[in-house]
Amino acid sequence: MTADKQFWFVVGSQHLYGEEALAEVKAHAQEMTDALNSSGVLPYPLVLQDLAVSADKITEIMKEVNYRDEVAGIITWMHTFSPAKMWIRGTKLLQKPLLHLATQYNESIPWATIDMDFMNLNQAAHGDREYGFINARLNKQNKVVVGYWKRPEVQKQIADWMDVAAAYNESFGIKVARFGDNMRNVGVTEGDKVEAQIQFGWTVDYYGIGDLVEVVNAVTEQEIDKLMAEYADLYEFDYGTNSKEDWEASVRIQASYEIALKRFLDEKGYTAFTSNFEDLHGMKQLPGLAVQRLMAQGYGFAGEGDWKTAALDRLMKIMSHNENTGFMEDYTYEMAAGREAILQSHMLEVDPSLASSKPKVVVSPLGIGGKEDPARLVFDGKAGDGVVVSMMDRGTHYKLLINEVTAFEPTEPAPNLPVARVLWTVKPNFQDGVKAWIENGGGHHTVVSLNLTTDQIVTYAKLVNLEYVVIK
Ligand code: MN
């Protein structure tokens, strides 16, 4: 559990049932809060608030939620009936994610003892509908989780939502540094930066490559030595057909890029960035290994100036705690009957958070861009079920495309392929999945996650009023 963010637990009731009943509601809510916090399932702590028993109290809580940066969202529970007109003002003011937990203190109906007092105190089924009506009418796009609060699967749904809510809050702080513009002539990587900032909170700034080159040139040999030692600990060194000296000279250049990029981004508060192989004036290589290293540390990235995908990468890395999540590109089909799949890679920059094997540091020609041979990490991707996501600018609005995929480890060696590779099948099947992707205008640049679910991506899309299509 991380302490930099918290969620508030707001329990609805009213004064109608008397102070004794309210004391019991409060005690139950405290017990539930403690149990959820000690479950080990929630990524962030839950903090119980005063009972929501009046419009003034609810409005006061919601204002406080909005104001406090450490509060990432609220979870509400209707222990009793809580008249929904009391919730209108506060709910309208609420600017953070809302989860309505449809649960109740007791798991089963106690048939032998149930009386009117018990039923008045435990009427979540009644209260849920009154409260749900007003959220629907206010078009809150809130999440509803239904089930008994002690069940791990219910707690897991709360945890997944918390990760989305935390990422939603962080989304407004995502800053992308673009080194160079978008790749010439490419359509899908373009987009409306002002609209992206209005809708998603993403700040996207341009820098000429010379701004970065200046920082690269100031990196010292000692700094590079230190980073080379770290590479030796983490990766296998594969000299290939290079001499050791040539190989080292090439890798040291990438190390200087890693140090400079990190310095540049951190000093200016950027958490994502793009590069463009067409815009490398003053650079000896396209940043490859350097970019992969920064991806592994949680920075968002996409190639060819694709700032939308870089920001999406950062967003999904926050959501997934930077596990098994990264920038990807569709490359080559396997079309043999029964073995249909899509080979995923990039010219260099494949995210090592997806690696199933110890990455090798390889120096090899790039084939395009006319620069020196760049070093990169080469590995095979992990297996697992996940989602692949693409953001498109449709001219009038943004649109998100989500395809469920199953990644698997390649069995064929590819001795002449000097880049990391990831292989997956798409749902519902190759033909229909690929067709739907293309018909919807999904990009070749994507972010894949083997940790996140479609439901989480859709929850985010709803929070930012983003049109989405799910292919599954
Ligand atoms: Mn690309």
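Close-up 1. Along the chain, the donors of the manganese ion are spaced as E-x24-E-x16-H-x98-H. Glu-329 belongs to strand S11 (residues 325-334). His-346 sits in the loop between strand S12 (341-345) and strand S13 (360-363). The pair therefore ties together parts that are 17 residues apart in sequence. The model shown here is predicted.

**Close-up 2. Protein donors around the manganese ion.** Four residues are named as protein donors: Glu-304 through OE, Glu-329 through OE, His-346 through NE2 and His-445 through NE2. They lie 2.0 to 2.2 Å from the manganese ion. Glu-329 is buried, and so is His-346.

**Close-up 3. A patch of negative charge on the surface.** Glu-20, Glu-24, Asp-115 and Asp-117 gather here. Glu-24 is placed in helix H1, which spans residues 19-37. Its relative accessibility is 38%, so Glu-24 counts as partly exposed. The limits for that class are 20% and 50% relative accessible area.

Close-up 4. Ala-102 is part of strand S4 (residues 98-102). With a relative accessible area of 12%, Ala-102 is buried. The cut-off for buried is under 20%. In sequence, Ala-102 and Lys-143 are 41 residues apart. In space, their C-alpha to C-alpha distance is 10 Å.

Note on methods. Residues are numbered from 1 along each chain as its sequence is written. This is a predicted model: local features need pLDDT of at least 70, side-chain atom pairs count only at pLDDT 80 or more; totals for chains, interfaces and linings use all residues. Side-chain values use heavy atoms; hydrogens and water are left out. Patches are made of residues with over 30% relative accessible area and no salt bridge: like charges are joined within 9 Å, nonpolar side chains (Val, Leu, Ile, Met, Phe, Trp, Tyr) within 5 Å. Accessible areas come from the Shrake-Rupley method with a 1.4 Å probe; for residues, only the protein chains shown count as cover. A salt bridge is a side-chain nitrogen of Lys or Arg within 4 Å of a carboxyl oxygen of Asp or Glu. Lys and Arg count as positive and Asp and Glu as negative; His and the chain ends are not counted. The place of a charge is taken as NZ of Lys, CZ of Arg, CG of Asp or CD of Glu. Helices (H or I, at least four residues) and strands (E, at least two) are DSSP runs, numbered from the N terminus. Buried means under 20% relative accessible area, exposed over 50%, partly exposed in between (1.4 Å probe, protein chains only). Donors are N, O and S atoms within 2.8 Å of the metal (3.2 Å for Na, K and Ca); water is not among the atoms, so sites may look incomplete.
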